[in-house]
Amino acid sequence: MGAVKKQQPQPGIARWRFALVAALLCLLALALVLHLARLQVLPEEERGYRFLQDQGRARTIRTEEIAAYRGAIVDRNGELLAVSTPVHSLWANPELLREAGADELRRLAAALEMKPADLAKRLEKYRNRGFMYLRRHLSPDQAGRALSLDIAGVYSKKEYRRFYPAGEVVAQLLGFTNIDDRGQEGLELAYDQWLSGEPGWQQVVKDLKGRTVQDLATEREARPGRDLRLSIDMRLQYLAYRELKRTVAENEASSGFMVILDTRSGDVLAMASQPSFNPNNREGAAAAAMRNRALIDQFEPGSTIKPLTALAALESGRYRPHTPIDTSPGYIRLPGKTLVDPVNYGQLDLTGVITKSSQVGITKVAMDLEPNVLRELFYRLGLGEAVGSGFPGEVAGILPSRSRWHPIERANFAFGYGMTVNAVQLAHAYSVVANAGLKRPVSLVLSGGEKNEEAERVVEAPLARQVTAMLETVIGPRGTGKHAAVEGYRVAGKTGTVHKVGSQGYVDNRYRSVFAGFIPADRPRLAAVVVIDDPKHAKYYGGEVAAPVFGAVMAGAMRLLQVPPAEVASPEQQLARRLELRGTKS
């Protein structure tokens with residue numbers, strides 16, 4: 001047997017080496033713990049936990065705007081005329097959205113009802129920006145379809161869109177807002193600061209895709225805008241709009257407008273214009289259709305001024321309603337022009353001059369008065385100055401003032417040429433006559449309480465009542481305004497037929513038909529003016545075209561306002577009216 005080989009002992013790790021490695025590992029662990037402590041426990045370190053928290057907030061917490069609700073516009077009875085409804089606007093981060101695949105972009109374009117090529121062009125246009133709108137003012141369903149695709153870089157923002165329930169019926173008066181819900185025209189512009197609210201701000205937490213995952217705190221609450229209550233009565237507004245639209249269409253007129261005032265308060269109860277537009281969809285709307293013609297258009301009032309000239313004659317003390325005026329032979333020659341009546345009316349009194357709308361008669365009256373007497377009275381009645389409605393673009397009209405008046409200028413002025421007014425001014429002047437000489441401010445907005453302004457007396461009551469009696473004869477069977485009559489009610493008014501001005505002066509075959517009046521004449525409630533511009537049919541006189549609009553609208557208005565019909569006049573009342581026309585006291 002061979003000898004057994006002796007096994008050699010294995011060399012071991014020196015103890016000092018093991019201790020050294022263990023110590024190093026412990027030191028490394030301690031250093032790591034110390035570093036973590038510096039980052040997460042010690043606040044004063046340069047890159048301590050506060051620094052990390054700030055950096056985390058900067059990457060995840062955002063401050064977003066809270067859209068403010070725009071105040072509503074309502075009529076005097078609380079009917080909604082303009083209201084803001086919540087909508088969703090989609091926006092995108094172009095950098096993130098450009099990373100989406102072609103199929104995702106195609107599905108996004110389909111959800112937005114866009115062509116993929118249009119979306120691609122939009123992305124290219126905004127490639128160097130961090131924000132772009134995809135589609136604005138979408139319904140929740142439309143926005144939801146796009147957001148459900150879960151495409152990175154596509155987000156939603158809550159906004160408000162203006163809606164007008166009455167549509168084109170009151171469009172020119174209200175105006176409209178832009179896509180950012182700021183007033184652009186009409187009362188929306190005039191009262192933009194009142195209607196607009198103040199946006200708020202809130203902090204939110206967003207994930208890596210920019211989606212809001214948590215609302216943290218509201219820094220400032222959004223303040224909604226204040227509501228605006230107008231003086232308009234939509235029941236009367238619909239009446240005026242309907243009759244205007246029908247008359248403009250039947251006569252193939254260029255335009256038409258009507259204004260109705262409450263004679264007791266000065267409130268504007270209706271203000272309609274044709275043609276109109278739909279403020280909820282202005283695509284293709286003509287600029288001319290957006291004009292509120294009752295306040296923006298100025299025109300020569302023509303024969304509707306003759307009763308005011310008669311009022312000046314009464315004020316002079318040289319005339320009474322039955323003062324005789326010889327209009328023979330049916331014309332009157334002035335330097336440079338001859339003024340003609342349709343027929344030779346012969347002997348008329350001042351009332352008859354208004355009833356027949358005699359050009360010759362009113363010219364003779366004007367030539368007998370001091371030149372500036374008419375202007376001073378017209379100005380007292382509110383012509384030549386803005387009514388103070390606050391409406392953007394309101395015109396003041398033209399009321400000329402001259403140191404020397406040519407005879408033809410004096411005559412033209414007496415029957416409404418050589419001066420301009422807007423429809424509200426003319427209605428306001430007639431409301432002064434209706435109010436027995438008291439003048440009240442015109443208002444488009446309800447004050448919310450009793451009016452503080454006191455009525456101003458600008459004409460003596462007996463004279464105003466005499467002119468009212470004259471105006472009633474115009475509506476009678478022998479007057480020019482019989483088509484403005486309203487069964488059961490006494491009506492006072494005056495027709496006007498005005499030649500339009502062309503490039504070469506007045507045009508012979510183009511007219512503006514006008515009617516101004518108030519109802520009931522014995523206890524006035526409403527004053528109104530109707531203007532039909534450039535009727536194309538054979539009928540063009542104010543008594544044929546504009547007066548029927550007044551009659552139809554006022555008949556409906558009396559029913560809606562529950563104004564009782566006039567009582568049958570007793571013999572004593574009839575005598576009193578005759579004496580009033582004569583300018584004497586009973």
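Trainee: In this predicted model, which residues of α10 are buried?

Mentor: Burial here means under 20% relative accessible area. By that cut-off the buried set in α10 includes Glu243, Gln237 and Thr247 as well as Tyr241.

Trainee: Which elements do the buried residues of α10 pack against?

Mentor: One of them is a helix, α19 (542-560). The others are strands: β3 (80-92), β11 (255-262), β12 (268-274) and β21.

Trainee: At what angle does α10 run to β12?

Mentor: α10 lies across β11, β12 and β21. Its direction relative to β12 is about 25°.

Trainee: How far apart are the end C-alpha atoms of α10, and what span should its 17 residues have?

Mentor: Helix α10 covers residues 234-250.

Trainee: Which residue with a positive phi follows α10?

Mentor: The phi in question is near 50°. The residue that has it, following α10, is Glu252.

Trainee: In what order do the strands of the open sheet stand, and which are at the edges?

Mentor: The sheet has 5 strands with antiparallel pairing, in the order β12-β11-β21-β20-β19. Two of these strands have a single partner each, so one side of each is left without a neighbour in the sheet. The edge strands are β12 and β19 (492-502).

Trainee: How many bridges join β20 and β21, and which residue is the bridge partner of Ala516?

Mentor: Strand β20 (residues 505-519) pairs with β21 in the antiparallel sense, over 8 bridges. In β21, the partner of Ala516 is Val529.

Trainee: Which helix lies across β19 and β20, and at what angle to β19?

Mentor: The helix spans residues 461-475 and is α18. Relative to β19, α18 runs at about 75°.

Trainee: Which residues have the most contacts inside the largest nonpolar core?

Mentor: That core has 128 residues. One of the residues asked for, Met554, is in contact with Met258, Ile260, Val486, Ile519, Leu526 and Ala528, its neighbours within four places in sequence left aside. The residues with the most contacts inside the core are Met258, Val259 and Met554.

Trainee: Where in the protein is confidence lowest, and where highest?

Mentor: The average pLDDT of the protein is 86, and 85% of the residues score at least 70. Where pLDDT is low, the predicted coordinates should not be read in detail. The lowest mean, 56, belongs to helix α20 (residues 571-582), and the highest, 98, to strand β21 (residues 526-533).

Methods
Residues are numbered from 1 along each chain as its sequence is written. This is a predicted model: local features need pLDDT of at least 70, side-chain atom pairs count only at pLDDT 80 or more; totals for chains, interfaces and linings use all residues. Side-chain values use heavy atoms; hydrogens and water are left out. pLDDT is the predictor's confidence in each residue, from 0 to 100. Helices (H or I, at least four residues) and strands (E, at least two) are DSSP runs, numbered from the N terminus. A nonpolar core is a set of buried Ala, Val, Leu, Ile, Met, Phe, Trp, Tyr and Cys residues joined through side-chain atoms within 4.5 Å. Buried means under 20% relative accessible area, exposed over 50%, partly exposed in between (1.4 Å probe, protein chains only). Contact means heavy atoms within 4.5 Å. The expected span of a helix is 1.5 Å times one less than its number of residues. Two strands pair if DSSP finds at least two bridges between them. Axes are lines fitted to C-alpha atoms, for helices over the stretch in contact, and angles run from 0 to 180 degrees between N-to-C directions.
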